[in-house]
Amino acid sequence: MWDEATTAHRYSVEAFDTTMRDMTGNEKPFGGKIVIMGVGDTYYSDFLMRVGDGNEPSWANDMIKMPDDMVIPWNGEDSVSQLIDAIFPDLADNSKDQDYLLNRELITPLNEHVDKLNDRVVSMFPGEEHTYYSFDFVEDDFQNLYL
């Protein structure tokens, strides 16, 4: 379902990406940093708009300080746990709530980070893990039942 109230304009994301690249001097997406997008968060959206419009205060070399309440300081793996807890509070209690799950996401610039975060989050779900396999084709399907 498309809901304008819960989407960010692509220029906001592009402005943030450019800002992060400029701040870090790193040309990887978002300056090589793990980024969390607060969908539907007007405080975050307003911050992105101020950055994109050039209205956020800056210091030397046009550096912009991220608000303290938008940052989880890096303290090793404990920071990753804090990040997951911030995005998925009470995951075990909400693991079957479709709206809860659909309205949360972790976005990273590198697949290696995605895999690590996915493994951590999946391990937090209650119950036994199940793997479901799919197939691109079925051998000997002479009646074309499985296209």
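Two residues are taken to be in contact when heavy atoms of each lie within 4.5 Å. By this criterion, in the predicted model, Ile-64 touches Thr-19, Met-23, Phe-47, Val-51, Glu-56, Pro-57, Ser-58 and Trp-59, with residues up to four places away in sequence not counted. Thr-19, a residue of helix α1 (residues 10-24), is in contact with Ile-64 and also with Val-51, again leaving aside neighbours within four places in sequence. The relative accessible area of Thr-19 is 14%; because buried means under 20%, Thr-19 is classed as buried.

Ile-64 and Val-51 belong to the largest nonpolar core, which has 10 residues in all. A second, separate core consists of 9 residues, including Leu-83, Leu-91, Tyr-100 and Leu-117. In soluble globular proteins, nonpolar side chains tend to be buried together.

Leu-83 lies in helix α3 (residues 77-87), where Ser-79, Val-80, Ile-84 and Ile-87 are buried as well. Seen down the axis of α3, the buried residues fall within an arc of 140 degrees, so they line one face of the helix. Helix α6 (111-124) is part of what covers them.

The average pLDDT of the protein is 82, and 90% of the residues score at least 70. Mean confidence is lowest in helix α2 (residues 42-53), at 83, and highest in helix α4 (residues 91-94), at 93. Over residues 1-6 pLDDT stays under 50, and the model has 4 contacts beyond four places in sequence for this stretch.

Notes:
Residues numbered from 1 in each chain as written. Predicted model: local features only at pLDDT ≥ 70, side-chain atom pairs only at ≥ 80, totals over all residues. Heavy atoms only, no water. pLDDT = per-residue confidence, 0-100. Helix = DSSP H or I, 4+ residues; strand = E, 2+ residues; numbered from the N terminus. Buried < 20%, exposed > 50% of the residue type's maximum accessible area, 1.4 Å probe, protein only. Arc of directions from axis to C-beta. Core = buried A, V, L, I, M, F, W, Y, C linked by side-chain atoms within 4.5 Å.
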